[in-house]
Amino acid sequence: MTRYIGRRILAAIPVLLLASLLVFVLVRQFGADPARTRCQQSRDLKCLARTRVQLGLDRPLPVQYVDFMGDFVQGDWGTSERTDQSVAESIGIALGETAQLAFWGVAFSSVVAISVGVYSANKAYSPGDYFFTGLAFAGIAMPTFWFGLICINYLTFHLKELLNTNEVIFFSIPNATGHGAINGFRELALPVLVLSVQLVAGWSRYQRSSMLDELDSDYIRTARSKGLTRRRVVWKHGLRNSLGALVTVIAIDAGALFGGLIVTERVFSRPGMGTLFLNALGNGDSAVLIPWMIVTGVFIIIFNLFADILYGVLDPRVRVA
Amino acid sequence: MTIISETPTPLLVVDDLAVEFATSSGAIHAVNGISFTVAAGETVAIVGESGSGKSVSALAIMGLIPPPGHQTNGVVRLASQTLTDMPDRHYRTLRGRNIAMIFQDPLSSLNPAFRVGDQIVEAMTTHGTAKAEARTRAIELMESVGIANAPRRARDYPHQFSGGMRQRVMIAMAIANRPQLLIADEPTTALDVTIQAQVLDVLQAAKKDADAALLLITHDLGVVAGMADRVLVMYAGRIIEQGSVDEVLINPIHPYTRGLLAALPSLHTNSRAPLPTIAGVPPNLLSDREACALAPRCEFAIDVCRSSRPLLEAVSGNQENHQAACFRAHDMAVLKVDK
């Protein structure tokens with residue numbers, strides 16, 4: 001297993017190199033001019049020329065790329081072209097914020113999606129199953145920004161009026177006052193809910209169909225013929241085999257969340273990776289954009305590897321010797 | 001239509017069992033009122049081609065007819081208990097303990113995600129055996145069905161076993177609680193020919209070991225000859241002939257049984273001549289017409305075969321336990337099988 005993981009990590013290196021090359025060339029060639037950004041969009045030719053030399057932009061693109069990657073792998077990610085802040089530091093902070101949201105969203109959504117999916121498969125074509133099917137389609141169809149605003153409107157302001165208190169129950173923006181688990185919950189509850197609606201909607205459908213397949217299989221009949229209760233047959237024998245498909249989807253989705261929470265973070269004004277990306281894009285800040293894209297790529301690759309490992313844990317047939 | 005059995009109280013009584021499958025194009029009559037008994041310790045074989053209702057009958061005895069199927073008529077009794085309409089929480093305690101089943105494909109019938117030892121253990125713990133005791137017994141069972149190195153093999157997964165070994169695991173699992181009745185649904189069909197005989201020997205030994213009766217479902221008449229005491233021949237959801245193995249295989253009455261036997265190659269068959277087959281196809285089970293189901297395929301069919309349905313009746317001049325459902329049974333008895 002260790003050798004397998006090691007091999008997979010080694011195999012990820014060329015993928016990442018290729019991705020970084022693409023990102024670097026595309027952003028540098030077609031993105032905003034870093035020198036102009038640094039000179040506050042002025043047309044001061046002296047400033048532009050000086051900055052070009054300073055940043056090494058006067059050299060050929062391949063040389064710039066090798067230089068950039070050399071610094072990048074050593075942890076020197078440069079500074080923002082707008083704010084002069086350390087890029088590594090801002091990405092680190094943003095990652096922490098996004099990771100919180102992604103972790104709780106994925107944890108909550110997997111539990112709900114698995115429960116709903118197993119229930120729906122077990123009671124396929126029952127009123128309960130149709131209810132969850134309808135809910136899932138509504139969840140998939142609902143735009144995040146719209147549902148986010150609805151949540152903010154009702155679960156903060158209206159709920160406050162309804163309970164007739166002065167204090168809001170759930171924060172709609174990150175709250176600077178006070179820390180601790182309770183404040184953390186009040187702060188994360190709404191964005192996690194909004195994120196989960198999307199995730200649960202998709203994942204529960206996956207779980208339902210893979211569970212339906214498993215419930216049809218011969219080993220389920222064998223388990224029943226041994227005298228096991230239906231509940232045990234479903235939750236022990238069926239679940240274990242049906243999880244493989246969902247775990248793969250969860251891991252891939254979770255990896256993508258590190259770069260893909262743009263709308264949710266925007267609606268709830270959270271300073272995560274999505275917000276960082278939007279700001280960098282708006283500012284034409286290629287010094288942030290390039291490392292940002294490489295980091296999100298790394299996460300997708302890590303979580304894909306994670307999916308393969310979990311798949312092997314669940315299904316001994318794909319376990320690597 | 002109850003059959004007189006040698007023993008006074010048969011272990012299993014199936015009386016007028018009917019099973020239908022509801023489909024969008026109507027009800028499929030998979031089993032149409034079959035009755036038979038199995039005495040304690042006896043081996044009864046059910047033969048018939050695919051779709052004749054053999055497996056569905058077995059699943060009905062287990063109370064595990066898959067949806068959209070359901071038992072529409074008849075009663076199944078095991079020892080003194082009526083299984084039909086028994087609440088599942090009660091039925092469950094009999095499954096795996098009093099009646100156990102061995103399925104056709106041992107690879108798909110074992111859970112791929114659990115160790116085989118644990119799957120055998122589970123068959124016992126679910127009926128109240130202590131875990132440690134069940135573990136010891138699981139190893140013994142695996143040894144008894146001829147799995148070498150059982151303590152280590154118990155920790156392996158089904159995909160690490162060969163087909164024959166997997167079926168041995170299934171047999172070990174089925175006899176774990178020493179059931180009174182063992183149902184084997186085509187236990188060797190999915191296996192290599194070279195392995196089949198070994199697995200049948202194991203099954204025979206396991207049956208003796210557990211002191212169980214065996215209901216053996218097969219389409220292999222060679223298996224019937226080697227294993228069974230009595231045989232039931234099914235066609236289109238009905239028993240069309242039954243009797244002791246010797247009677248039915250040596251003096252078959254029903255044209256269908258004769259057709260099955262004629263289709264069996266032997267060492268004396270001219271290997272260049274095509275094997276005889278039964279012309280035509282099995283009937284559509286959507287309609288249950290008042291006629292002999294074989295009539296369209298039967299060279300002996302007369303008008304009455306097409307207008308009413310023959311009942312299972314004792315064959316005259318033969319032993320009382322040999323029965324056939326054929327209007328021309330008397331003529332057929334005279335007409336000897338050309339060997």
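In which hand, left or right, does α7(A) cross α8(A)? The model is a predicted one, in which local features need pLDDT of at least 70 and side-chain atom pairs count only at pLDDT 80 or more, while totals for chains, interfaces and linings use all residues. Residues are numbered from 1 along each chain as its sequence is written, and chains are lettered from A and ligands numbered from 1 in the order in which they are written.

Chain A contains 13 helices and 0 strands; here helices (H or I, at least four residues) and strands (E, at least two) are DSSP runs, numbered from the N terminus. Its pattern along the sequence is accordingly written α-α-α-α-α-α-α-α-α-α-α-α-α. The C-alpha trace of chain A spans about 85 × 60 × 35 Å along its principal axes. Of the 321 residues in chain A, 35% are buried. A residue is termed buried if 20 or more other C-beta atoms lie within 10 Å of its own, exposed if 12 or fewer, and partly exposed in between, with C-beta atoms placed from the backbone. Among the contacts in chain A with a separation of 6 or more, 72% are accounted for by residues 24 or more positions apart; two residues are in contact if their C-beta atoms, placed from the backbone, lie within 7 Å.

Within chain A, helix α7 (residues 144–163) packs with helix α8 (residues 181–215) at an angle of about 140 degrees, and their axes are 10 Å apart. This makes α7(A) oblique to α8(A). Axes are lines fitted to C-alpha atoms, for helices over the stretch in contact, and angles run from 0 to 180 degrees between N-to-C directions; those under 35 degrees count as roughly parallel, over 145 as roughly antiparallel, 65 to 115 as roughly perpendicular and the rest as oblique. The opening question can now be answered: the crossing of α7(A) with α8(A) is right-handed. A crossing is right-handed if the near helix is turned clockwise from the far one by less than a right angle, and left-handed if anticlockwise. On the α7(A) side, Thr144(A), Phe147(A), Gly148(A), Cys151(A), Ile152(A) and Leu155(A) take part, and they meet Leu190(A), Leu193(A), Val194(A), Val197(A) and Gln198(A) in α8(A). This contact comprises 8 nonpolar, 3 polar and no charged residues. In these classes, Ala, Val, Leu, Ile, Met, Phe, Trp, Tyr, Cys and Pro count as nonpolar, Asp, Glu, Lys and Arg as charged, and the others, Gly among them, as polar.

Chain B holds an open sheet of 4 strands in the order β2-β1-β4-β5, with antiparallel pairing. Because β2 (26–38) and β5 (81–82) of chain B stand at the edges with a single partner strand each, one side of each has no neighbour in the sheet. Two strands pair if DSSP finds at least two bridges between them. Strand β1 (residues 12–23) of chain B is joined to β2(B) by 10 bridges, and the two strands form a hairpin with 2 residues between them. Thr23(B) has Gly26(B) in β2(B) as its bridge partner. A further 8 bridges join β1(B) to β4(B), where Leu12(B) stands opposite Leu78(B). Strand β4 (residues 69–78) of chain B is in turn joined to β5(B) by 2 bridges, and Arg77(B) stands opposite Thr82(B) in β5(B).

Pro67(B) and Pro68(B) are joined by a cis peptide bond, with omega about 5 degrees; Pro68(B) belongs to the loop between α1 (54–62) and β4 of chain B. In the loop between β4 and β5 of chain B lies Ala79(B), a residue other than glycine whose phi is positive, near 50 degrees. Ala79(B) is partly exposed, with 15 other C-beta atoms within 10 Å. Arg178(B), likewise not a glycine, has a positive phi of about 45 degrees and is found in the loop between α7 (163–174) and β7 (181–185) of chain B.

The two chains meet in a contact that takes 23 residues from chain B and 19 residues from chain A. On the chain B side, the elements giving two or more residues are α2 (88–94), β6 (99–102), α3 (106–109) and α4 (116–125). The residues of this side divide into 10 nonpolar, 8 polar and 5 charged. From chain A, Asp218(A) in helix α9 (residues 218–225) touches Phe103(B), Asp105(B), Ser108(B) and Ser109(B), not counting residues up to four places away in sequence. Asp218(A) is partly exposed, with 16 other C-beta atoms within 10 Å.
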